[in-house]
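Here are a few exercises to work through with the model open beside you. Try each task before reading its solution.

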Amino acid sequence: MAASGGSWSLRRRLVVGIVGLLAVVSIVVGVSSVVALRQTLLARLDEQVLDAAGRAAGPVFGGQQGDEGDQPGNRIGTLLVRVHDGVVVRAEYVAESGETNELDDAQIARLLALDWGVRPVTADLGELGEFRVAARQSPGLDDDTTIAGLPTAEVTATTTNLALIFALVTLAAIVVAALAGTQVVRVALRPLDRVTATARRVAELPLAHGQVALAERVPESDPRTEVGQVGAAFNRMLEHVESSLRSRQESEEKVRQFVADASHELRTPLASIRGYSELTRRTGLELPDDIVYALARIESESVRMTSLVEELLLLARLDAGQELVHGTVDLVPLLADAVSDAHAASPEHAWRVETGEVPVVVAGDANRLHQVVGNLLANARVHTPTGTVVTVTLEEDGDHAVLTVADDGPGIPIDLQPVLFERFARGDGSRSRATGSTGLGLAIVAAIVEAHRGSVALESRPGDTRFVVRLPLARPER
């Protein structure tokens, strides 16, 4: 199916427009020229027909019936018909061989049936072709009529040849215009190609996060042209974008630094609160029940807030590119230890491990990778009911290790899935302390995996939820 005009490129539309305009102009000029030439040739032929009819109807014919009178000449194709008192006394034409032949009855009938006027008319005589014919009465003889005619074949041949020449010239001009127009348009739009190339390079830059260096610019061109104005406007837009991204980055750096500083400063007072609450509770003094309950709540909340502060501090350090200690890590024993810890924390769940016996080694931080697996298992434990089967599998896929944590729980709501790895994302949309979740576990998973140049993805539907982590395998030393 042909592409619609709206999906064509600007270059194609310009070339098609140029070629189409040239074709229309050429067709109009050609048709007008052919029509004008034909009218001119027919007018000249009509003059010759009238002259031939006038000479054939001269006064000599007023004599005897058999007199030939003046002849219109022996031009090939000339026809002559004389009618006297309603009787055709002569009906002949000059053949291509130069001989004079008689017209048949059908041809004579066609001539006599014509609607005669002052000007010649066209008569189709079958095999003889078309003729321009005129009728004249002999001077002083109302019952004598002479019909003379000349063929239009020469006029038709001339105009046909001219039309063919125009068609060939127009076709050649269209081909030349298409080739030349393509080159001209390509040269004219070359600055626009540079704008496109710059936009493509900008689109490939990692502008979503991190330090942004937007140095791409469109090469300067003549600002008096439309394409030059587009390039200048695009450069101004890039400057505004760079300024906005720089402001965003500075703001993020301030927030990240604040979180890191606040988290670091909060660790000491939180540790003191927890320590004093434990010390008070263990003094052995007889305290009222409400005081004991209050001290227990202070201790549990200090533990919870310490965990939150540690997670925020970890995220801030990961954002700054710190906190990782790289080495080689065998994921098989790491998964076994993590699943064993999860089983101890929740024996009501069914925990399964499918890793095989072949080591799967990646380059990274063992403690942080253990935290990734632990957070994924904790997420499955906290957000699925008792008796849920959680299966951990590990396999190699090309140059990557693929770790999958799957469960047959109720699944994750569709509206939550796109933001699940964002910070403080929670399944119930609240800050409930019932599960002890801070909403940072999966965000830490995503940050640690990204720091290891890997990826994490989610596939979830009722009865089948899968977190798939891909990590680059360690390259053996040569």
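**Exercise 1.** Find how many contacts beyond four places in sequence the model has for residues 60-70, and decide how to read them.

*Solution.* This is a predicted model, so begin with confidence: pLDDT stays under 50 over residues 60-70. The model has 18 contacts beyond four places in sequence for that stretch. Where pLDDT is low, predicted coordinates should not be read in detail. Next, look at residues 428-435, where pLDDT also stays under 50 and the model has seven such contacts. For the protein chain, finally, the mean pLDDT is 81, with 87% of residues at 70 or more.

**Exercise 2.** Work out which strands stand at the edges of the six-stranded sheet, and why one side of each is left without a neighbour.

*Solution.* Start with the order of this open sheet: E3-E2-E1-E6-E5-E4, paired antiparallel. On average, neighbouring strands are turned by 30° against each other, direction ignored.

Val81 has Ile147 of E6 as its bridge partner. Helix H1 (residues 10-56) packs on the sheet and touches E1, E5 (130-137) and E6; the directions of H1 and E5 make about 40°.

**Exercise 3.** Check what span the 31 residues of helix H6 should have.

*Solution.* At 1.5 Å a residue, H6 (residues 289-319) should span 45 Å. Its end C-alpha atoms are 45 Å apart, which agrees. Buried residues of H6 include Leu295, Glu299, Ser302 and Val309.

Definitions and conventions
Residues numbered from 1 in each chain as written. Predicted model: local features only at pLDDT ≥ 70, side-chain atom pairs only at ≥ 80, totals over all residues. Heavy atoms only, no water. Pairing = 2+ DSSP bridges. Helix = DSSP H or I, 4+ residues; strand = E, 2+ residues; numbered from the N terminus. Axes fitted to C-alpha atoms, helices over the stretch in contact; angles between N-to-C directions. Contact = heavy atoms within 4.5 Å. pLDDT = per-residue confidence, 0-100. Expected span 1.5 Å × (residues − 1). Buried < 20%, exposed > 50% of the residue type's maximum accessible area, 1.4 Å probe, protein only.
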